[in-house]
Amino acid sequence: MDLTLKVWRQKDKNSPGQMVTYPVKGISPDMSFLEMMDVLNEDLLRKGEDPIAFDHDCREGICGMCSLYINGRPHGPERGTTTCQLHMRHFKDGDTITIEPWRAAAFPVHKDLVVDRSAFERIQQAGGYISVNTGGVPDANAIPIPKSIADKAFDAATCIGCGACVAACKNASAMLFVSAKVSQLAMLPQGKAERKTRVENMVAQMDIEGFGACSNTGACAAECPVGISMENINMLRSEYLYAKATSENI
Amino acid sequence: MILDSKIPEGALAEKWDKHKFNVKLVNPANKRKYDIIVVGTGLAGASAAASFGELGYNVKAFCFQDSPRRAHSIAAQGGINAAKNYQNDGDSIFRLFYDTIKGGDYRAREANVYRLAQVSVDIIDQCVAQGVPFAREYGGLLANRSFGGAQVSRTFYARGQTGQQLLLGAYSALNRQIAYGKVKMYPRTEMLDLVMVDGKARGIVVRNLITGKIESHSAHAVVLATGGYGNVFYLSTNAMGSNATAAWRAYKKGALFANPCYTQIHPTCIPVSGDYQSKLTLMSESLRNDGRVWVPKTKETAEKLRRGEIKINDIAEQDRDYYLERKYPAFGNLVPRDVASRNAKLVCDEGRGVGASGLAVFLDFADAIRREGQPAIAAKYGNLFDMYEKITDENPYEQPMRIYPAVHYTMGGLWVDYNLMTNIPGLYAAGEANFSDHGANRLGASALMQGLADGYFVLPYTIGDYLAKMPYDKVAVDHPAFKEAEQNVIDINNRLLSIQGNRTVDDFHKALGHIMWEYCGMARNAEGLQFAKQEIRKLRDEFWRDVKVVGVNEELNITLEKANRVADFLELGELMVEDALHRNESCGGHFREEYQTPENEALRDDENFAYVAAWEFTGVGNDPVLHKEELKFENVKLTQRSYK
């Protein structure tokens, strides 16, 4: 099929960007969206033009590297799907497709469709861990964890850190991302010891990074490619309230 | 050069404990005087960097992705082996050791593999303490499942996302050290050269992938945990960015590269659907527990099916060939990966393959669905069936999956001794980047085990032994050795940018992948390998004459990044062919058609080839020099693997 792509091009962080239109021809419906982008990039290269920079790596939907805001939706029109797992059969011959980077003040553009998500890293560094050193830990079966809790913790732990939740939110809030880690570790007995400081520190860092406030629209969970649920945000709120009400850090 | 594997004396079961006692220690106050560089942040790199930081060393960690959490360990599906014997089914450290040695077709070092089995139990404890949500039974204890090549259930798992959960565990430990300031993290930074001073590894040269800036970093020791080289085939289950550049440039500085021809071709992947294909997706080995593999009995039926003249259901039961069940009645569809892959190729070569290209076989769940019902099958494999449908637009509940083998893992890598140190003092290699534990074939759920064993439990001991003997003095990055390496990197980049030819980097990469897959893939022979060697040389010459790299160095330049990686693959490919050509036997993932039993099984030659082939660089286009490390088997008896 033949398509028209409108793609955000931006030379670097400090240059202004603009939408540029590219026709692409002979796209197979079995191609993935990123393979379609590869085809366009090969064409651009042969013409001696700069190919479009976009983030991607595993192309299996698990590394969280790919992004792309496609026709106004993070990771495109299919629910529960990363851009790398989106296939062209979900588009029609003659379609015009708009492709933009994640849009959030906390995710500045490096180039074209590549954004800087290091704010997520700093939030994780603020407390997204259990403080154990290598070695000297108890036997893995020493603490039984009910299956239902292990399963729920797992559901939260599947966050791939792609940033679609931030891109989907009108306030560019990172609440879903932060809540996934907070609730995973708050649910597990191993994570209880640092339960209060973790949520306090991670939320404080989230605010420092300039993410917006959460107004509970649920756009984040609706667009999350791995189905992280709004329940985690509820849990984050109650964890935060509990921590602040009993905090030793005031 | 004499290869000293430095395997400790004494009984197999006591070597590691004795060695840990004998290694020199660095006292806590002195650890902060040493700097360690870790390149790569997958399971091996992240766990090593975090553990070094906890011990008190100053660590610099590097990855080319935008976050350490993106490393391709994240995509591992099935699980991680450990000799916990929680199931009371007769597992033990010795049994895990034995299965791994045998699974590797007797081409790995006994002492390394035994240590791997020993520390496997500690890995599970460590991961649970970090909050890794492994699968659990209703009683709250950890669940296990079984995997290929073993008769016990020793595989720990987190649904089909075990690699993700383990990596996020190691990543969280790494983050904690970054927050403490013990690890400085450099994402979007790619290592392009190794720096040696007085014969020791003392640093690296990197390129900042955002600004293009070439920078040097100095340290007392360098750890490469940069993964495997499966992308030499262009199409593989590796991530798009997975590359061999760090390891390769270390090879060109004198590190030996061991067993490069040992590559693992995984039997159950989604087949190629067109020229535009950028990567291949694995369907977990666990599917072969319930799926039956078949192709039409005759070439004529297969042709009709491919032309669309008949439908799958028009093929009567007696016209189907369940070839694995027919040839290997004892193991059936659960033969090891190398055997299953080779047989799929065999039936496709006979013209009996299915799908538009004829390069696929069926994996059929109809019997299992009839037997257990669709909900039971969905509960076991739902996420895999969904992924298959997403990619192929075919519903595997209604028609069989089409699968074909794909390059998945490389057992070869940088040669290391028992301490995981290469032959260059101060240069270590861990995880898939080294050659050490899997011999000629890796068993399922063992890659995660090895990555974490190396990073959490081996390197933290062995690197201290080396550092304890090192002076504290740092080498400044304006030392001539750093300047020379920087200039080398700048020269390569300038050369790539100045060619301005007609063919794209991907074009060359695809051409190389084609040669490798045809002549150095699932089945190899001397004639084909000789031909491949010439073809690769020709292709490499053409690359340096006619490649087209646009833009400049001082920017985010995706073409320049790729060009560097493909330039190295074009040299590595030749070494793989060289190794495959010299190894006149078949073993594990290396199948030479000249060396097979009358039943088409791999024929090993223990008399002449029970050694590690470690290759020394002598210049691009020159034949490398072979060094042999004899493998001594004192605790297992070498036997022919049979699955009939």
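Two residues are in contact if their C-beta atoms, placed from the backbone, lie within 7 Å. The exercises below use a predicted model.

**Exercise 1. Chain A in outline**

Describe chain A by its secondary structure, its extent, its burial and its contacts between residues 24 or more positions apart.

Solution. 
- Step 1. Chain A holds eight helices and seven strands.
- Step 2. The C-alpha trace of chain A spans about 60 × 40 × 35 Å along its principal axes.
- Step 3. Of the 250 residues in chain A, 51% are buried.
- Step 4. Take the contacts in chain A with a separation of 6 or more: 71% of them join residues 24 or more positions apart.

**Exercise 2. The domains of chain A**

State which domains chain A is assigned, and describe the contact they make.

Solution. 
- Step 1. The domain assignment gives domain 1 (3-110) and domain 2 (117-245) for chain A.
- Step 2. The C-alpha centres of these two domains of chain A are 29 Å apart.
- Step 3. Domain 1 of chain A puts 18 residues into the contact, and domain 2 of chain A puts in 17 residues.
- Step 4. On the side of domain 1 of chain A that touches domain 2 of chain A, nine residues are nonpolar, seven polar and two charged.

**Exercise 3. A helix pair in chain A**

Are helices α6(A) and α8(A) roughly parallel or roughly perpendicular?

Solution. 
- Step 1. The axes of α6 (residues 195-208) and α8 (residues 231-245) of chain A come within 9 Å and cross at roughly 110 degrees.
- Step 2. Angles of 65 to 115 degrees count as roughly perpendicular, so α6(A) is roughly perpendicular to α8(A).
- Step 3. From α6(A), the residues Arg195(A), Lys196(A), Val199(A), Glu200(A) and Val203(A) take part; they meet Leu236(A), Glu239(A), Tyr240(A) and Ala243(A) of α8(A).
- Step 4. By class, the contact of α6(A) with α8(A) has five nonpolar, no polar and four charged residues.

**Exercise 4. Chain B in outline**

Solution. 
- Step 1. A box of roughly 75 × 60 × 50 Å along the principal axes is filled by the C-alpha atoms of chain B.
- Step 2. Buried residues account for 59% of the 644 residues in chain B.
- Step 3. In chain B, 74% of the contacts with a separation of 6 or more are between residues 24 or more positions apart.

**Exercise 5. Domains 2 and 3 of chain B**

Which helix supplies the largest share of the side of domain 2 of chain B that touches domain 3 of chain B?

Solution. 
- Step 1. Chain B is divided into domain 1 (31-264 + 409-467), domain 2 (266-406) and domain 3 (481-609).
- Step 2. Between domain 2 and domain 3 of chain B, the C-alpha centres are 30 Å apart.
- Step 3. Five residues of domain 2 of chain B contact five residues of domain 3 of chain B.
- Step 4. The largest share of the domain 2 side, four residues, belongs to helix α10 (residues 337-349) of chain B.
- Step 5. That side of domain 2 of chain B has one nonpolar, one polar and three charged residues.

**Exercise 6. From the interface to a helix pair in chain B**

Which helix of chain B gives the most to the side that touches chain A? Then describe the packing of α5(B) and α13(B).

Solution. 
- Step 1. In the contact between the chains, 62 residues of chain B meet 63 residues of chain A.
- Step 2. Helices α3 (43-55), α5 (110-130), α6 (162-180), α13 (447-467) and α17 (558-582) of chain B each supply at least two residues of the chain B side.
- Step 3. α6(B) gives the most, with nine residues.
- Step 4. The side of chain B that touches chain A comprises 24 nonpolar, 23 polar and 15 charged residues.
- Step 5. The axes of α5(B) and α13(B) are 9 Å apart, and the helices pack at an angle of about 85 degrees; they are therefore roughly perpendicular to each other.
- Step 6. The contact of α5(B) with α13(B) has eight nonpolar, three polar and one charged residue.

**Exercise 7. Glu630(B)**

Solution. 
- Step 1. Glu630(B) lies in strand β19 (residues 625-630) of chain B.
- Step 2. Leaving out residues up to four places away in sequence, Glu630(B) touches Ala610(B) and Tyr611(B).

Methods:
Residues are numbered from 1 along each chain as its sequence is written. Chains are lettered from A and ligands numbered from 1 in the order in which they are written. This is a predicted model: local features need pLDDT of at least 70, side-chain atom pairs count only at pLDDT 80 or more; totals for chains, interfaces and linings use all residues. Axes are lines fitted to C-alpha atoms, for helices over the stretch in contact, and angles run from 0 to 180 degrees between N-to-C directions. Angles under 35 degrees count as roughly parallel, over 145 as roughly antiparallel, 65 to 115 as roughly perpendicular and the rest as oblique. Ala, Val, Leu, Ile, Met, Phe, Trp, Tyr, Cys and Pro count as nonpolar, Asp, Glu, Lys and Arg as charged, and the others, Gly among them, as polar. A residue is buried if 20 or more other C-beta atoms lie within 10 Å of its own, exposed if 12 or fewer, and partly exposed in between; C-beta atoms are placed from the backbone. Domain bounds come from an automatic or database domain assignment.
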